[in-house]
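Student: Can we go through this one together? I'd like to take chain by chain, then the contacts.

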Amino acid sequence: MCGIIGVIDRNRQLMDGGKIRESLAMMDERGSGEGAGYVAYGIYPDYKDYYALHVFFDNIRENKGALDTLLEKWGTIVHDEQIKTYEQPNIRKVHTPWRYFFRPDRSLMPKSTTPDEDIVTHLVMKVNAEKNGALIFSSGKNLGVFKAAGWPEDVANFYRIEDYKGYLWLAHNRYPTNTSGWWGGAHPFNLLNWSVVHNGEITSYGTNRRYIESFGYKCTMYTDTEVVAYLVDLLVRKHGLSEKLAVRALAPPFWEEIDLMPPKEQELNRAIRLTYGPALMNGPFAICVANEHSLVGFTDRIKLRPLVSGESGDRLYISSEEAAIRRIDPDVENISMPKAGEPVIGRVYS
Amino acid sequence: MSIGSTPLKFKVSIDPDRCMSCGRCIENCSYGVYRKEGDDIRINSRNCVACHRCLAFCPRDAIDIEEKPNDYRSHPLWTREVREAIFNQAKTGKIILAGMGNAQPYPVIFDRLVLDACQVTNPSIDPLREPMELRTYIGKKPSSLTLKQLPDGEVELITKLTPNLQIETPIMIGHMSYGAISLNAQTALAKAVSRIGTFMGTGEGGLHESLYPYQKNMIVQVASGRFGVDINYLERGAAIEIKIGQGAKPGIGGHLPGEKVCADVSCTRMIPEGSDAISPAPHHDIYSIEDLKQLVRGLKEATEWKKPVFVKIAAVHNSAAIAAGIARSSADAVVIDGFRGGTGAAPRVFRDHVGIPVEAAVASVDAKLRQQGIRHKVSIIASGGIRESADVAKIICLGADAVYIGTSALVAMGCRVCGTCYQGNCAWGIATQKPELVKRLDPETNSVQVENLIHGWTLELAELMGAAGINSIESLRGNRDRLRGYMLDEGLMEVLDVKTVGA
């Protein structure tokens, strides 16, 4: 099960989290009250040039000092503070959420062409693999993930999600099977500016994980979803594929379709499948992936999970259910159901 | 004779109430077990190898074959096999030859691995109703693609792919040479692979002219003896395989006795008739990994870089590092041949005691190549002891791209795994060059049987994948999360990178 929703305003008009909360709560039938989360882009305009690291500390006194030292070793902490939370009767606050605005010292990775990103990725992988009472669950610029174990409305109220204003939102209502009640296991998953929400189960996880780990990523969250964020990062940021071709690699056409394509197209699609065979994601899934420029929704190759899209002016909505979209925008138009493996892509105008 | 005769291996008896003295057993037995004396059929059980040819052709089910009719005094250390090997060597002073694969009762790792299936949280996929992709490409893959964005929004592929073999099922037939097996047996295999759309190996015996029509489904082998190798041979193959070693006898070369080198075999192998064909233990131009790299490139140059080149090694302790070296050459695939791999003839001491199981070797090769970020540079073909479709699924989960089968394909043609291939007397017309025995094997009928076997396995593989919620074989490859070890020890589970059942 699980319910997902994503919305982008292509003109970068900001939306507060209130409607998203209501929309996600529409899909409570898809969840079990053990995990929900939100990510919003454009929420930290005052610190937009710094990496916003959201961290769950098990214990501030025990665990924070070590992280501060590590961050100072690799750059500068421009500002840090506790993320404001508001007590909810149904949420047990097992972690203290914290935010850092961090500037990496790029001279420390002289051989890299993307030193800032590589330093932040390195820190995220290192901290999360070490499991020393700190988990970095959000690491992009001008964006932030807010998640916890609980029902969507409780998690939203815990963070007062309506106080955040973003031009792009993803949200997730979780029905966990692998890791119940673990805050780190709630969606969205994020790395740098990539965020992912996912409904389903990836049966190819073992293959995907071993593939992505051979490029230096580390899967540390005990769940199949994080691998999607890393795969997209690899394919788009490191290998330079467009979002459309990245989705083609992750949920490619069948050979019988490729065999019927015109020669040039056939050659391209064969090359994608041969090169990215281990990145192919199998099993039932509907996924929304976002970065600061775009929102992409797609399903597995035989569409074993629902995905609906709709538009309203500059806004593109992608969700598990039409009802959830209509909750935000009753006058939504162009409701459509993308075919298996075909991406729905929304991009900001500038 | 101080040792005297050893107890019978098999005791053959005929039920007189059922026998109608038709004599088919006499005609069919190529080992001289039966003879006619007056109206009676007499039996010499000592010659029996349990190839079951007589049993299969007795119209009345009158024949019984009993294994080990006489007991030795039992002893856990001094087994029957050990004692008989000593008797044998005490008499002959020679190396003991044996056939087929490893005959020691080591545990079979395949049988201690179980596959996964979907329930509730993810639906299984029904291959009867949904597409199920088993298509596999064997060869080098790029690590990433270079693309050019065109003004019209289209994308142009700049990266040039190196030639790959395309197979519709991840099952190929391994190298069994003309000489080791008969031409009729090779022809049956060739017909089968060309109909299925897969490949078979020629072995180190050259390519007989009559097989030229099937050459686009043949992988030609270059082994240390270089028998049958010339440019014509190389150009005919769909791919070329350099054989460094063989799972049944790692570290040593091959030996085809002169009796099996008839006129036709001599032409195909390019050696004098009746001469022993002895392949040296190493290639005399390969004494290091750089030398191998040069041979790979030499073969590629000779065939204008149009054909994939494979390198076959026996599964040994250091396979992973060796494979990593091979992956760094221009080779397109590495074949890992496990210690259960069959053979026509191998010294018993090698067959039973040298090498490691293919499951562990493939798991460590796959892991090492991933660790070094070079897994895409080479495909992994697993061979040696693949007995059923479940073995294929399991070895692919452990990291193989495809498998070679050998013994299984022979069994599909009637082989009973009697293990006496080296005698050249095969009653089934498989491992023999005697014309009267070879003609027993009809290439057409037998090709259908081999085709049926691979087809059946392919269907089962599709069902296993569907049950695991996987519709493309890429997603099974190296997916060790879909395996669990049952009664495997911790050390081995670490090597295989699988969890225990229940975890």
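Tutor: What follows is a short walk through the chains, strands, cores and domains.

Student: What sort of model is it, and how is it numbered?

Tutor: It is a predicted model: local features need pLDDT of at least 70, side-chain atom pairs count only at pLDDT 80 or more, and totals for chains, interfaces and linings use all residues. Residues are numbered from 1 along each chain as its sequence is written, while chains are lettered from A and ligands numbered from 1 in the order in which they are written.

Student: Start with chain A. What is its secondary structure?

Tutor: Chain A has 10 helices and 18 strands. Both are DSSP runs numbered from the N terminus: helices are H or I with at least four residues, strands are E with at least two.

Student: What are its spans and radius of gyration?

Tutor: The C-alpha trace of chain A spans about 60 × 50 × 40 Å along its principal axes.

Student: How much of chain A is buried?

Tutor: Buried residues make up 55% of its 350 residues. Buried means 20 or more other C-beta atoms within 10 Å of the residue's own; exposed means 12 or fewer, partly exposed is in between, and C-beta atoms are placed from the backbone.

Student: Which strands does β14(A) pair with?

Tutor: Strand β13(A), 285-290, runs antiparallel to β14(A) over five bridges. A hairpin of three residues links β13(A) to β14(A), and A286(A) faces T299(A). Strand β18(A), 344-347, is also antiparallel to β14(A), over four bridges; there V296(A) is opposite I345(A). Pairing here requires at least two DSSP bridges between two strands.

Student: Over to chain B. Which strands form its closed barrel?

Tutor: The eight strands run β11-β12-β13-β14-β17-β18-β20-β21 in chain B, with parallel pairing. One of the pairs is β20(B), 379-383, with β21(B), 402-405, over three bridges. S383(B) sits opposite Y404(B) in that pair.

Student: Where is the largest nonpolar core?

Tutor: The largest core has 143 residues, and those with the most contacts inside it include V362(B), I381(B) and V403(B). Domain 1 (10-94) and domain 2 (166-500) of chain B both contribute residues, so the core lies between them. A nonpolar core is a set of buried Ala, Val, Leu, Ile, Met, Phe, Trp, Tyr and Cys residues joined through C-beta atoms within 7 Å. Domain bounds come from an automatic or database domain assignment.

Student: How far apart are the centres of those domains?

Tutor: The centres of domain 1 and domain 2 of chain B are 32 Å apart, over C-alpha atoms. Their contact takes 10 residues from domain 1 and eight residues from domain 2. Contact means C-beta atoms, placed from the backbone, within 7 Å.

Student: Last one. How many residues of each chain are in contact?

Tutor: 34 residues of chain B contact 28 residues of chain A. On the chain B side, β9 (155-157) and α10 (358-371) each give two or more residues.

Terms used: Two residues are in contact if their C-beta atoms, placed from the backbone, lie within 7 Å.
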